[in-house]
Amino acid sequence: MKLATLNDGTRDGQLAVVSRDLKHAHLADGIAPTLQAALDDWAFIAPQLNELYQQLNGGRGSRSFDFDPARCMAPLPRAFQWVDGSAYVNHVELVRKARKAEMPESFWEDPLMYQGGSDDFLGPQDDIVLAHEEWGIDFEAEVAVITGDVPMGSTPDQAHQQIRLLMLANDVSLRNLIPAELAKGFGFLQSKPATSFSPVAVTPDELGDAWLGGKVHLPLRSTWNGKLVGQPHAGVDMVFNFPQLIAHLCKSRNARAGTIVGSGTVSNKDAGRGYSCIAEKRCLEMVADGLASTPFMLFGDTIKIEMLDGAGKSVFGAIAQSVKQAEAKKLR
């Protein structure tokens, strides 16, 4: 099934079921008020949501309406936990190669992961509002999963059973702030503003054969200022699958229902597939020419991130955002 959260003026929005073709929706108010409420009691709530989903797809939704992605918040507008891995090690290798830094062998055996801010996510069409272009504004096209309760010490097989939903993410990065933050030894903070997510989150069965081995086997398209700049295949060159990423997270802690785990920037070794973030393009330029020539995003730029199935139909709907300058605050 496909689920969305509609903006009703509250922090957590209103849960809605969305038709497979993303054309119609139906409020789930008689079943669960929010997606988090559904995740908290998934075994009981999910079958009821699925029944409504089947009715909606069959044209039997009694109170269905046209689905408008512009009304959507992130599927989980705020979450108990958001962590982002780096499952596509090719991306990390490129970045380090451009810096002439050695690639530790452990990176191929032990996932990189950081904990991001989860109290304020952006909806799929919300503007990316930032104060300065000089911060080095970059998009990062990713796939993410939402989990149920995953106990500490779970194996990848056990973690696999707790993957409830999948969605797309734009993990915005401020590249020029990253070096100074990492040099402090405490990781990302100001260099990682609010993350954006696709209009809908889908259950794994919606992907059919494209969900295999804990990976999504479909291309992920990034269109920057109207130009398709990347369509790497999400199932290729993913060194750590989602069950492995979740198990890594749960080595020393529980992950509670509503935890979001990102894949990291989707990246293929085949450079002909393009790129899912500008930093990767700049790294390739530095390796080839000794100088990065592609600029980061400017105010007014647009980014669209979308995944199409084998029939060319959108699976999650599109993240479609513009970069805007924050208004200067007057001193009182």
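**A chat about the model**

Modeller: Let's start with one spot: the side chains of E285 and T294 are joined by a polar contact of 2.4 Å. Keep in mind that this is a predicted model.

Colleague: Okay, where is E285 found?

Modeller: E285 sits in helix α7, residues 278-289. Leaving out residues up to four places away in sequence, E285 touches G290, L291, A292, S293 and T294.

Colleague: And which side chain of opposite charge is nearest to E285?

Modeller: That's K281, 4.2 Å away. A salt bridge needs the atoms within 4 Å. E285 has no salt bridge, even though E285 is buried.

Colleague: How many salt bridges does the structure hold?

Modeller: There are 9. One of them pairs R175 with D138, with the closest N and O atoms 2.8 Å apart. R175 is in the loop between β11 and α5, while D138 is in strand β8, so the pair ties together parts that are 37 residues apart in sequence.

Colleague: What relative accessible area does D138 have?

Modeller: D138 comes out at 0%, so it's buried. R175 has 16%, and since buried means under 20%, R175 counts too.

Colleague: What does E140 form a salt bridge with?

Modeller: With K192, and the closest N and O atoms there are 3.0 Å apart. E140 lies in the loop between β8 and β9 and K192 in the loop between α5 and β12, so this pair links parts 52 residues apart in sequence. Both E140 and K192 are buried. K192 also meets D171 in a salt bridge, 2.9 Å from N to O. Salt bridges that share partners join D138, E140, D171, R175 and K192 into one network.

Colleague: Switching topic: how do β1 and β2 pair?

Modeller: They're antiparallel, over 5 bridges. K2 has V18 in β2 as its bridge partner. On to the next pairing: β2 and β3 are antiparallel as well, over 3 bridges, and V17 has H26 in β3 as its partner. In the hairpin of β2 and β3, L22 takes a positive phi near 65°.

Colleague: Is β2 mostly covered or exposed?

Modeller: Mostly covered, with 4 of its 5 residues buried.

Colleague: What about α6, how many of its residues are buried?

Modeller: 6 of the 8, so helix α6 is largely enclosed by the rest of the structure. Among the buried ones are F242, L245 and I246.

Colleague: Last one: what domains is the chain divided into?

Modeller: Domain 1 is 2-67 and domain 2 is 78-325. Their contact takes 15 residues from domain 1 and 18 residues from domain 2.

Definitions and conventions: Residues numbered from 1 in each chain as written. Predicted model: local features only at pLDDT ≥ 70, side-chain atom pairs only at ≥ 80, totals over all residues. Heavy atoms only, no water. Buried < 20%, exposed > 50% of the residue type's maximum accessible area, 1.4 Å probe, protein only. Helix = DSSP H or I, 4+ residues; strand = E, 2+ residues; numbered from the N terminus. Lys, Arg positive; Asp, Glu negative; His and termini not counted. Polar contact = N/O pair within 3.5 Å; in protein donor to acceptor, adjacent residues only side chain to side chain. Contact = heavy atoms within 4.5 Å. Pairing = 2+ DSSP bridges. Domains from an automatic or database assignment.
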